[in-house]
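Could you walk me through this structure, with an eye to how far each part can be trusted? Let us take it one stop at a time.

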Amino acid sequence: MVDRVDSAGEWTQSSRFPDEVLERVLALIDSHKDRSSVSLVCKDWYNAERWSRRHVFIGNCYSVSPEIVAARFPRIRSVTLKGKPRFSDFNLVPEDWGADVQPWLSAFSTAYPFLEELRLKRMAVSDESLEFLATKFHGFKALSLLSCDGFSTDGLKAIATHCKKLTELDIQENGIDDLGGHWLSCFPESLTSLEILNFASLNSEVSFDALEKLVARCKSLRVLKVNRNISLDQLQKLLSHCPQLTELGTGTFMQELISGPVAEFKNMFSNCRNLITLSGLWDATPFYLPVIYPACASLTFLNLSYATLRSDELANLLSHCKTLRRLWLLDTVGDKGLEAVGSCCPLLEELRVFPADPFDQEILLGVTESGFVSVSRGCPKLRYVLYFCRQMTNAAVATIARNCPDFTHFRLCIMNPGQPDYLTKEPMDEAFGAIVKTCTKLQRLAISGLLTDRTFEYIGKYAKNLETLSVAFAGSSDLGMEYVLQGCQKLRKLEIRDCPFGNAALLSGLTKYESMRSLWMSACNVTMNACRVLAKERPRLNVEVMRDEEGGDDSQAHKVYVYRTVAGPRRDAPPFVLTL
C-alpha cells in the first residue's frame, strides 16, 4: 500500500505500484511542469519522480540553491538554468548584477560528476567556469549558451580541448569577447561525436581547414550554423561532407567572394534532402539567392533575420517554401513582402518581423498594419507573432484576431512609445481588447502604443490563460496593474517598464506574487517604503531594489525585481542591489 493525500488533506492509502514500474512510467514524462505535478500525488510518486528525474529546468537561478536541487534530485544528467531578468536584453539590468554559473558548477561537480548537458540563458559565465566545466565533468556532452556574457573564445577553447565526448556546442547571441577563431583548431582529431555546432553569432575568422576537418569526421552532424566569415565557396566544401544536415546556418553570400556559377551551388543545396531549418544568408543578393531554392521544398523554419531582402526577392524565395511553419524576417521586405507570406505560406504558425534599423526614427521603409492583415488572411494557423512596426490601427488588430483566433503568443511592438491609432488618433485599447477577447488560448502578450487602463481591464477580464505579460509606456493609473493582478489567475511573469503604476498597484499583488515566478518594475512610481511593506508581508519572496543612488523610504525604487524563492536572500548581491 502507498500513502496519498485525500481531499481533506490527510494521508490515506492506495494500491502499490512496484517502484521499478513506477520509475519507468514517470521517465516517459518529458514536461517539467507535468513531472512537478506528478511528484505531489503521494509519497511514493514523489520518491519515484525524485529518483527517475534526469533533467531539471530552473527558470530563475535564485529561486533555489544548487544544494537544494542536488538534495532533491540525485541522478540529474541535464540542467537548464536561466539567470538575469529578460529586461537585461534591453540593458536595463546593471553589469555585475549576478547570475554567476560558478556556484552551480561547484555544487554539481560533487553531486553530479556524471553531468552530460548544460543549457544556460542570461547567465554570467567566465572562461574559468568553462574550463572548470570542461575538466571536472568527464562525460560532458552538450553545452548551449544563449544571451550569456563574461567569457571569451578562450573559454570555448577549453571546451573544445577537454570535452572528448562532445555532441553539442551551441553559442547564440552572447556578449562574448571574440579573440579569434583559433578555438576551432582545438578539437582533438579523435573527436567524431559532434551532432550540433553553432557559432553563427561570433565575428572572427576561423581556421577553415580545421572546421572542414571537424565537419568531415563528425558523420552524425545534423546541425551546422557558421558565421558570416564563411563564404559560399567554403560552404560548398562543408556541405559535401555532411549532406545529412537537418539544420543549416549559412555564411555570407557576398558576390565578390563567390567563384563558382549559380548552377554549381544549386546542385550543392539539392543534395541537402533532409534540411528543415535554414538561416544565415548574410549579404544575400538577387543573383545568388536562387542557389538555395532546391533546399526549400521541405523547409519548416526559415530564418531571414540577417538577410536584408526586398519584397520581390522574398516573394520569389517563398514560392519555393510551401511547408513553412516558422518564418523570421527583417522589415525591409515591406508590406508587399508580407503579402507574399500570406499567399505562399498557408501552414505558417510563427512569424517574427524585426526592425532592420530600430534607432532611425526618420526611416520611411518598414512594415505597417497592412502587411500584418495580409499575413493573417493567408495564414489562419498563425499561433505566435512578434511584430515590430511604426504604425497600427485598432481595426487592423481586430481583423487579425478574427482571422487568427488561436494565438498563444502575441507580441506587438509599435516602436514609437505612446503611439495612438494613426488614423483615428484614439488609444490602442480596443486592439488589445480584441486580442484577449477572441484569442482565448493566449499565454504570452506584449503590448505597446497609446494605452489607458481600459486595456488592462480587458486583459484582467478575458486573458484567463495568460502566463507572461510585458508592458512598456502604458496605462493611466494604478488601476491598470490591479486589473491584471486580480484577473489573470495563471499569470507567472509580469514585466513592466516606464508606466505610471505606483505603491497601490505594487501592493495589490500581495496575494498573487507567491504563485508567480517574477515581477519586474522599472521607471514606475514605486517607493522604497512600499517595497519594504511587500517584503515584510511576504517573507518567502525576494524583493530586490537596484539603486541608482542612496535614498530613504520615500525615495523612488527605480528598478524592482520580485521573485519567489526557497533559498532565501541571495548571498552574492552587489552593493547596488538591496534585498529587503
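Is Asn198 buried or exposed? In this predicted model, Asn198 is buried, because its relative accessible area of 7% falls under the 20% cut-off. You will find Asn198 in strand S10, which covers residues 196-198. The side chain of Asn198 has a polar partner: it makes a polar contact with the side chain of Asp170 at 2.8 Å. Leaving aside residues up to four places away in sequence, Asn198 touches Leu169, Asp170, Ile171, Gln172 and Lys225.

Now for the cysteines. A disulfide here requires two cysteine sulfur atoms within 2.5 Å, and by this rule the count is zero. Take Cys218, which is in no disulfide: the nearest cysteine sulfur belongs to Cys242 and lies 9.9 Å away. Cys218 is also buried, with a relative accessible area of 1%. Cys439 is in no disulfide either, and the nearest cysteine sulfur, that of Cys404, is 8.0 Å away. Cys439 is likewise buried, at a relative accessible area of 2%.

Finally, a word on confidence. The mean pLDDT of the protein is 90, and 89% of its residues reach 70 or more. Over residues 1-5, though, the pLDDT is below 50, and this stretch has 25 contacts in the model beyond near neighbours in sequence. Residues 7-15 also stay under 50, and for them the model has 19 contacts beyond four places in sequence. Where pLDDT is low, the predicted coordinates should not be read in detail.

Key
Residues numbered from 1 in each chain as written. Predicted model: local features only at pLDDT ≥ 70, side-chain atom pairs only at ≥ 80, totals over all residues. Heavy atoms only, no water. Buried < 20%, exposed > 50% of the residue type's maximum accessible area, 1.4 Å probe, protein only. Helix = DSSP H or I, 4+ residues; strand = E, 2+ residues; numbered from the N terminus. Polar contact = N/O pair within 3.5 Å; in protein donor to acceptor, adjacent residues only side chain to side chain. Contact = heavy atoms within 4.5 Å. pLDDT = per-residue confidence, 0-100.
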